[in-house]
Amino acid sequence: MSDYAVMLMSFAGGVALFLLGMKMLTDGLKLAAGDTLRNLLSKYTSTPLKGVLSGVLITAMVQSSSAVIFATIGFVNAGLMTLLQATYVIFGSNVGTTLTGWIVATVGFRLNLQLMALPLLAVGMAIWLSKGNSKTGALGQALVGFSIFFLGIDVLKTTFESLAGDVPFDRFGTGFSGMALMFVIGILLTSVMQSSSAAIAVVITAVATGVIPIHAAAVLVIGADIGTTSTALFAVVGATANAKRAAMIHVLFNLLKGPIALPFVGLYLAGIFWIFGPELSPAVTIAVFHTTIKLTGLIVLLPFAKMLTSFLETRFKETEQQPGTTRYLDDNILATPSLAQSALIFELKRIGRKSRKLITGSLKKKRSIAELRQDDEVIHELSFLTGEYIQKMQSRDLGEEAQEMLPGALRVMQYFSEARQHALESAAIVQSGVKLPAEVEESIKILKKLLRSFMKQADSEKAGFSITELAKLVQQLESSYESAKSTVLKAGSSGTIPISEMVVLHDIIRGYRRSWDQCFKAAMYMDGFNKLIDHEPGTGPALMEPEQQD
C-alpha cells in the first residue's frame, strides 16, 4: 500500500473520530442539560440582545448550532417563541458555533492530546457505564465524546504533518483561481461531512501544520460556512413550515455573510495581525477570523431581522394548510427529549381541540354525518402521525419522565378516538330521522346543553381550566343522563314509543355519555401533561387564532 493511500486512510479515520466525538459530546451535553435548554430558550429570548446572547451561550454549551436551531424550531412550532425571537437565537447560534474552532486552535496544539484524552476517555466511560441514561451518565458520555474529539485532532495533526511537504496546497491557494478553488473545497468539505465544526477543525489543523497558507485557510472557512447550509436544508425536507423558515434564516445568514467577507479576506487578516501582532499562531489567527466574519454577519443582518422574518412568514404556507399535517411534531427535535416531549403534548392538545370541536358539531343538525366523518378522518390521520412520532421517541434515549408519559399519550389519543366514534354514532341515529316524544326531546336537549358546556371546559389550554371543576360538571352530566334515561325507559314501558325506538333513543344518550366519559379521562392526563412542560392553562398555542390552531 502506497504512502498516499495510508495517509488518505489516516485522514478519513481522523475525521471519523472527530465526527464521532462531536456527536457523542453534543448528545451527552443535550441529555445532561435536561430542561435547562428549554428554560433558557423560553425565558431569555424576550429582547433581541437576550435572544442573540442565548443563541451564543446555548450553542457553546451543547457544542452544536444545529441542535440549538432545531430546538428553537420546536419552540416556534409550540407557539412559545415567535419566529422573530427564533431569528435572534439563530443569529447568536452562528456566532456561538465558532467556539469549537477556538478549542481546536488553543488546546489542540498546546497539549499532548493522547496524554490528556486517554485518561478522560477512561473516566468518561466509567461514569457512562455506571450511571446509564441519567444526567450524570450523559455527562460521562459527553466526556467520552470530548476525548474522542481530541484523539481525532491528534490523528489529523499527525497526518497533515506527514502531508505538508508532499502536496503543494500553497500553490493552489494563491491568485483568484486558487482562492476560488479553496472556496469550493470549503463548501464541499462541509457538505460531505455534514458538520461545519468538523470542516473548520480540519482547516485549522491543516493551517497549523503548514499544509495550507493562512489566506487559503481563511477562504476555506468562508466556503465551509456556506457549505453548512446544506445540512440545514437536508434536515428540514418534509418538516414543518416553521422548521423550513428557521432553516432559511440560518441559510440566508451564511449565504449573505459570505459575499460580504470574501472580497475583504486580506483586510480582515491584516486587521487581526495589527491588533494581536504578527506572532499570532496560524491556528489562532483562523479561529479569530472565523469569529470575526460571523460577528460581521450578525452586525450587518441584525437590523434587517424583522424584514427577513416578515418575508419568511409569508412562505411555506402550503405545509400549514394541509388539514392532516401535524403542526408541532418535528423529527429534528427528537434528539432533545424535553423538546420532543413538549411538541408531543402540544400536538395532543391540538388533537383534543379538534376532537371536542367535532363532538360539539355532532350535536348540531346542520352538520351532516358525511361532513363529520370527513373531519374525523383528518383527526384520525393526525393521530396516526402522532403515534408514529411516539414510536420514534421510544427508540431514542429518553429520560425516565419522558418514557413514563408515552403510554399516557397513546391512551389520550385512544380516549379521543372513542369519544368521537360514540358522538358520530349518536349523530347518525339522530340524522336518520328518529322521532322524539316531547318529554324525551326536552331531556335530551338539557343533556346536549350540558355536554356542549363540558366540551368547552375540558380544554386544558383554556384560562381557568380546573380538573376539579370539570369533575363537578361530569356529576351534573351523570345526573342529567340518568334523568334522560329514565324518561326514555318510561316512554317505552308506557307504550308511548315502541320498544325498538326506546332502544334507539337509549343508544343516543348512551353515546353522549361515553363521549364525555372518554374526554374526561383524556383531560385528566392532559392536566398532568401541563405540569410536565410547566405550562399554565390559558397560555401558549391555544391563544393563537383558530385557523392557526386547527
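A salt bridge here is a side-chain nitrogen of Lys or Arg within 4 Å of a carboxyl oxygen of Asp or Glu. The model shown is predicted. By this rule, the count comes to ten salt bridges. Close-up views of three of them follow, then one of a charged surface patch.

View 1. The closest N and O atoms of Lys 257 and Asp 225 are 3.2 Å apart. Are the two partners buried or exposed? Lys 257 is buried, because its relative accessible area is 1%, under the 20% cut-off. Asp 225 is buried as well, with a relative accessible area of 2%.

**View 2. Lys 485 pairs with Glu 482 inside helix α22.** Their side chains meet in a salt bridge, with 3.7 Å from N to O. Helix α22 spans residues 467–493. Lys 485 and Glu 482 sit three residues apart in this helix, so about one helical turn separates them. Lys 485 is partly exposed, at 22% relative accessible area. Glu 482 also counts as partly exposed, with a relative accessibility of 38%.

View 3. Arg 510 counts as partly exposed, at 32% relative accessibility. Asp 507 is partly exposed too, with a relative accessible area of 26%. Elsewhere, salt bridges that share partners join Asp 225, Lys 257 and Lys 294 into one network.

**View 4. Four lysines form a positive surface patch.** Which residues make up this patch? They are Lys 364, Lys 366, Lys 456 and Lys 462. Lys 456 is placed in helix α21, which covers residues 438–457. Lys 456 is exposed, because its relative accessible area is 60%, over the 50% cut-off.

Terms used
Residues numbered from 1 in each chain as written. Predicted model: local features only at pLDDT ≥ 70, side-chain atom pairs only at ≥ 80, totals over all residues. Heavy atoms only, no water. Patch = residues over 30% accessible without salt bridge, like charges linked within 9 Å, V, L, I, M, F, W, Y side chains within 5 Å. Areas by Shrake-Rupley, 256 points an atom, 1.4 Å probe, with all protein chains shown as cover. Lys, Arg positive; Asp, Glu negative; His and termini not counted. Charge placed at Lys NZ, Arg CZ, Asp CG, Glu CD. Helix = DSSP H or I, 4+ residues; strand = E, 2+ residues; numbered from the N terminus. Buried < 20%, exposed > 50% of the residue type's maximum accessible area, 1.4 Å probe, protein only.
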